[in-house]
Each structure stands twice: as C-alpha cells, then as structure tokens.
Amino acid sequence: MRVAIIGAGWAGAACAWQLHQYGHQVTVFDSSRIAGGRARRAQAAWGTVDNGQHLLLGAYHSTLGLMQQLGLPLEQCFYRLDLDFYSLDERFRFRYWPLPAPWHQLGVLLGGRGVSWGQRLGLLRLLHYLKKQHWQPPIGQTVAQLLQATQQSPQIIARLWQPLCIAALNTPIDVACAGIFAAVLRDSLGQGRDSTQMLIPLKDMSTLWVERALAPVSCQLGTTVQRIEYLNDYRHHYRHPTATSKAHQETLRLHTSHGTTAEFDACVIATQIPSALRLLQPLAQQPTQKQLLQDLGAIEFNPIATLYLQPDEPWAHPRPMHMLFDDPHSLEAGQWLFNHAALPHSFARPTLSVVISDAQRLKGKDKKAISQAIIKQIKTQLPAHQPPLPPLRDSLLITEQRATFLATPHIKRPKATSPWPNVYFAADWVQSDYPAVLEAAVRSGQHTAQLLHQALGPAT
C-alpha cells in the first residue's frame, strides 16, 4: 500500500521505518531540508550544533530499541552516565549509585548534598506513595498538589522537583499534570539503574538515527504539503476505524509546494499542531472532525531555548553536565549546562550548551543581553577551585517557540486514528501518558504504523 507521511521528525521517521519493515511503499514529506523535526541538526557559524541540546534516558526503550534495529552501536552514539544532578556551585547533588536495584537508591540517602536527611526520606516517600497508587495520582491533580500531599519540603521542591518537572514536561509545577509527571517517574526513578541512566548524544540529532531510518524510503525534504483531498466523497459511508477494522479504499491526493501531486492509500500527519490544523481544516465537515480541531487548537505551547557558547579552547572542567540555579526575575535563566569538551568524540566539541526550559520569559528580550546574563550566571556559580571558563569567541541562541505543549491536567490529546478516512496521527501530542519528549514521538510513530498496517492489510 502507498502511505504518505507528512513530517520527518522523530515520530514520522519511526512510523516510516516501521511501515517499510511491513512492506508498504512509503513517501515522507517535510518542509525542512534537514530531517529530525524539532530535534534536528543545525548550523552555527563555527560548525554543527543541534536545534536544541537534548538528553535521553535509559528508560527510552522504544528509541534505543529502534536504534538497535537500525544497526547503530549505542556505545558510540551516547555518553552514558548514572543519574547525577550536580549543581555547578557544588552545593546540591541528587544521585543514584552505580549499583543494582534497589541498592542504587542508596545514592539518594548517602550520596546527596544540600538537603537534610528528612528531605531525602521525603523524596523516597513520594516515590513509595506513587508506587502504591500504581503511578496514577488523582485525575486533575497538578504536580504542585501532589508534592504538597506528600509533604515535600519547599527546599527539595525548589532544588529538585521543580527543575525536574520543567526538564521533563516543560511545564511549571503549579499547572503541570501529576499523572503525566508520575508516568515519567515510573519509568525512570521508579525502575532500576539502567532506566535512570542519562544518555547525552555524541552525534547530532539528525545523524543519530533519523537519517538512517529514512534512507530506505522515498523522502522529499524541502517539500511542503499544501493540501489534502479525497478523490471521491467519503461522507455517506465512512465508519471510524478501529484497530481490527479494515480501511475503506479512499484514495487521497496530496498537493505540494512544488506544484506536484501524488496519490496514496493512507496518510499519516506527523507535523506540529499548527501544520496539522492547516491541512485538516478544509476537510472538517462532521461534528467529530470539528471537535477534534477545536481540541487541537486549544493546546498551548511553551518554548525551550538553548544558548550555545564557543570557547577559544576546550573548558578543562571534567564533568559533562551540571545544574544551574536560575533567577526568575532576571535574564540569568540557564538551568542545565553541558560541556562537550568533557564528552569523548562529541560532534560538538568543544562547544558549551545551556538549556533554558519554560523560556517564555525570554520572549522579546535582546539575544546579546540574554547571552551576557547567562555567561555571568555561569561565572558566578562556578567555584574558585574549578577551571575557569575560557574566553568565548561566539554564541548562538536557538529558541524553539513550539518546543512542547503545556502538559496540563485537562489537556485533550487526539487518538492516533482520526475521524477522517485513512488519515492517521503520529506525534508527541497524540494521546499518551507521556509528555512531549522524544520517546513519546517514537512510541507514537511505531504505534500508528501498527494500527495503519492492521487497517490496510498486507502490503501489496
């Protein structure tokens, strides 16, 4: 069967690879000339960086499994380190020890810094509470309410839970969904050592696996799909598909920005939400279709920014990753600092990258002022006995305005099967218990491929 996938991000690439494995004829379209979506290669004046600094977890089983299927050696793709949130000023540390579960949790009690024994026990109390609740807190509860209910101290909230929630959900704790946060904790802190390990990519995010996955399929990069149409009128006989029902033979025609058209048996929309709305609004005739578009349009976004700094020489600090304490009342907004000089064989060596999640407060601010403030933040928090920051000769601030959706308790995310015949969704915004992280995108792409294969039947 002929399947079009609109979007060459992580969800679209995972879907394309899986459908190709099933034997379907796949064509991928993307308006960008570089595959990877919001996690793709970018170009700085001094060389290659990413569209944003990313960090994966050992719990990302679907992503890592897909990379292994593609024959990629994980040990050459990632720098792997045990969970260790260590502040640059060395006053706070939350870590797991490199021991088999459950002994790895001794690191929380004996290897931490900057929190009292009572606060450390309170941290474990939260994990124990969620485990007893099968990792399902009350529906509608926010992360702030969950932390209050489990008596987390203000200090541990400020030092750990809030930065962790911002990093995982890109959503402030007072509006973040406790259920989504619990799902992240379930698959990371709630599991063994391997799941909690942090994986820093050593290759750019397009090379990491996406380009390999798209290699066997027809991939039309730099091509925008402007319109989708049906070759006949489906409205009087269309029945919403299920996982076991067969799809109606409704042929779709896609019109591209190059003035070309192509016909397909099915289409997967794996774009950001605004592009999905643009494609679907002309096709919305039935109440269920209009309601879905209304729900999609109500989803709010939150930006993430990454400041890249290019030093004159590699920074001699041996640690590849640090926490930064940000100031919500100034432009000193950095939260995580990555030193690529400390990452063996990193594609970005010796670049430094600073992640600013929940970056809405930077909107409209001068980029030079932001860079100067964050450089000052790093120098202020760097202890005197550590190697000083080298002279910096260039910088680049990349802001992804729609990096993630706000993971609020009452968000309405659509299913992979849409109310349009033979149109499917694959994206991190598709219904899931995960937030808008890379693993959610890969899982969605694989799941949609399975549903579509079941609906279309064997490839011919």
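In the predicted model, strand β11 pairs with strand β12 (residues 252-256) in the antiparallel sense, and 5 bridges connect the two. Within this pairing, Y230 has L252 in β12 as its bridge partner. The two strands belong to an open sheet of 3 strands, in which the order is β11-β12-β13 and the pairing is antiparallel. The edges of the sheet are formed by β11 (225-230) and β13 (261-264), each of which pairs on one side only. From one strand to the next, the twist averages 25°.

A further open sheet of 3 strands has the order β5-β9-β6, again with antiparallel pairing. Its edge positions are taken by β5 (56-57) and β6 (78-81); each has a single partner strand, so one side of each is left without a neighbour in the sheet. Strand β6 is joined to strand β9 (residues 198-201) by 4 bridges, and the two run antiparallel. Here L81 stands opposite M198 in β9.

Among the helices, the packing of α7 against α8 was examined. Two packed helices are described by the angle between their axes and the distance between the axes. For helix α7 (residues 154-169) and helix α8 (residues 178-187), the angle is about 95° and the axes are 11 Å apart. Angles of 65 to 115 degrees count as roughly perpendicular, and α7 and α8 are therefore roughly perpendicular to each other. The contact is made by W161, L164, C165, A168 and L169 in α7 and by I180, F181, V184 and L185 in α8. By class, the residues of this contact comprise 9 nonpolar, no polar and no charged.

The loop between α7 and α8 contains N170. Phi of N170 is near 50°, a positive value in a residue other than glycine. Buried means under 20% relative accessible area; N170, at 2% relative accessibility, therefore counts as buried.

The loop between β17 (336-339) and β18 (352-356) holds H340. With a relative accessible area of 1%, H340 is buried. Leaving aside residues up to four places away in sequence, H340 touches Q53, S346, A348, R349, P350, T351 and S353. One of these, P350, is itself placed in the loop between β17 and β18. The peptide bond from R349 to P350 is cis, with omega near 5°. H345 is also in the loop between β17 and β18. Phi of H345 is near 65°, which is positive in a residue other than glycine. At 74% relative accessibility, H345 counts as exposed, whereas H340 is buried.

In soluble globular proteins, nonpolar side chains tend to be buried together. In this model, the largest nonpolar core has 131 residues, of which I5, W10, F94, W161, W209, I228 and W420 touch the most other members. Helix α14 (residues 438-456) supplies the largest share of this core, 9 residues. Another core, of 20 residues, lies apart from the largest one and includes L88, L307, L309 and A333. For F94, the residues touched are L83, D84, F85, V108, L123, L160 and L189, not counting residues up to four places away in sequence.

Methods: Residues numbered from 1 in each chain as written. Predicted model: local features only at pLDDT ≥ 70, side-chain atom pairs only at ≥ 80, totals over all residues. Heavy atoms only, no water. Core = buried A, V, L, I, M, F, W, Y, C linked by side-chain atoms within 4.5 Å. Buried < 20%, exposed > 50% of the residue type's maximum accessible area, 1.4 Å probe, protein only. Contact = heavy atoms within 4.5 Å. Axes fitted to C-alpha atoms, helices over the stretch in contact; angles between N-to-C directions. Parallel < 35°, antiparallel > 145°, perpendicular 65-115°, else oblique. Nonpolar A, V, L, I, M, F, W, Y, C, P; charged D, E, K, R; others polar. Pairing = 2+ DSSP bridges.
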